Amino acid sequence: MTMTSRAQTYKGMKDYLPREMRLRQYIMKTLTEVAERYGFEPMQTPIVEYESTLAGKLGDDEKLIYRLQYGDDRLALRYDQTVSLARVVGQYPNDITFPFRRYAFGPSYRGERQQRGRFREFYQFDLDIVGVDSRVADAEVVAVISESLARLGFTNYRILLNHREVLSGLARVAGVPEEQASQVYRAIDKFDKIGVEGVHSELSKGGIGEDAAAPIVEFITLEGEVQAVLGAMRERLGADERALQAVLDLGAVVQLLQDLGVPEEAYAVAPRLARGLSYYTGVVFEAVIEQPPIGSLLGGGRYDRLIGSFAGREVPTVGTAFGIERLQIVMTELGLAPEESTAPRAFVTIFGAELQGDALRLAAELRAAGIPTVAALQPDKLGKQLKEADAKGVRYALVVGPDELTRGEVVVKDLRSGEQRSVARAAVAEALK
RNA sequence: GUGGCUGUAGUUCAAUGGCAGAGCGCCUGAUUGUGGUUCAGGUUGUUGUGGGUUCGAGUCCCAUCAGCCACCCCA
């Protein structure tokens, strides 16, 4: 008796079939190229960590960690790649020299309920500069982000910049007690979803008085030209030493972005950007697009007190994480996926059983010449073979029939234009380049 | 994890509690040396899954799985 098992992926996890994998690999390749160009080095760590490594780094949200046990070993799946980076910094003090610029690509796991662009298994491209508290480092990370998104074909993205101390300063200046500050951040973070009125009522609901709520709401609606926004921030936070320094830091980063050649329309100072803010200590940023809706494509910032937790001292770090699934979703919807760059270049048809050997020898020659080549698997009708080639997105179909064989030639058909010509066997590889 | 909405052919969608349909796709032929366009014909179902109510369920009820939205959080 045979039993058919239920074919079903686990909730919140996805299979990626070839069509999607092509795009995902293109995204990874593009991000890697840009990172390498800025001098970042590759790194990879295990998905599985000791539970004790991950414990205590995520506060209340430890319930969404996947835990597993093997024998007596208590283990967990990483929920991001940042804690693993911290462990590496603590584990290999002699192998890592600061500043450490590294990138890492891989999956992480969180037991959240699935939504668009949010999965239980999700891939991130992480990029960090570890060990130096410098505005140049902050700006370099933002520059990589901007160049990466541009290279992927985005034209309507914007990188929002803010600073953790700007928001905590705002709370102080508005007179919000420190223990209520995180409520303020959370309300601010919803601005894009619920609007000014929504934030206002969120604040009231959270027990924030009108005297405090009014200036907060006024502050987060600031937008426009970068220097104007910075000026307005300085004006409103002038009484708070730390907040003032934070505004100066933002101004410095903006200047450095200009020096690095980041186009002005690529970023904006956004007082409304709150993020989780749980472990950020300095500049924070987030890349967004107007359409289609996806939340953020990536997020990041400076977190000077997390990476050193395994090293026993502070290791200032700035970094970001690209959300691969989110990039994949919006690139698909915007039609930014590259068309044929990854499809095979040539399709060698098999004219008939007796010509199969000639076809396969031709395929072997083309592959040796570095041309990605698909060979037909059986001598079907020529029309059917061409149809397969077309369906796979292959640019050139090759035909070796009796006539061609006699003349020592090969028919090269361009499936895009429909034109075809007969080419000397020895010149085929060259003709396909 | 909590609350809500949704689930029909490969896909996009129809179907008052009464015979499960259409476009696109797919297959065959026109065309025994040519795809994509055209024409002719054909195919497509455990209505997510399992129960229940009913003479009768895609439709109503319960459970379950999955997706989406909000919360939470964030990539």
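Predicted model: local features only at pLDDT ≥ 70, side-chain atom pairs only at ≥ 80, totals over all residues.
In the domain assignment of chain A, domain 1 spans residues 18–334, and domain 2 spans residues 346–431.

The count of salt bridges comes to 30. One of them joins the side chains of aspartate 126 and arginine 102, with an N to O distance of 3.6 Å. Aspartate 126 belongs to strand β6 (residues 121–130) and arginine 102 to strand β5 (residues 100–109), so this pair ties together parts that are 24 residues apart in sequence. Aspartate 126 and arginine 102 are both buried.

A salt bridge is also found between the side chains of aspartate 138 and arginine 135, at 2.7 Å from N to O. Both residues lie in helix α4 (residues 135–151), where they are 3 residues apart, about one turn of the helix. Aspartate 138 is buried, as is arginine 135. The two residues also take part in a network of salt bridges that links Asp133, Arg135, Asp138, Asp249, Arg302 and Asp304.

A further salt bridge pairs glutamate 365 with arginine 425, whose closest N and O atoms are 2.9 Å apart. Because glutamate 365 lies in helix α12 (residues 356–368) and arginine 425 in the loop between β16 (420–424) and α15 (428–431), the pair ties together parts that are 60 residues apart in sequence. Glutamate 365 has a relative accessibility of 40% and therefore counts as partly exposed. Arginine 425, with a relative accessible area of 22%, is likewise partly exposed.

Conventions:
Residues numbered from 1 in each chain as written. Chains lettered and ligands numbered in written order. Heavy atoms only, no water. Domains from an automatic or database assignment. Salt bridge = Lys/Arg side-chain N within 4 Å of Asp/Glu carboxyl O. Helix = DSSP H or I, 4+ residues; strand = E, 2+ residues; numbered from the N terminus. Buried < 20%, exposed > 50% of the residue type's maximum accessible area, 1.4 Å probe, protein only.
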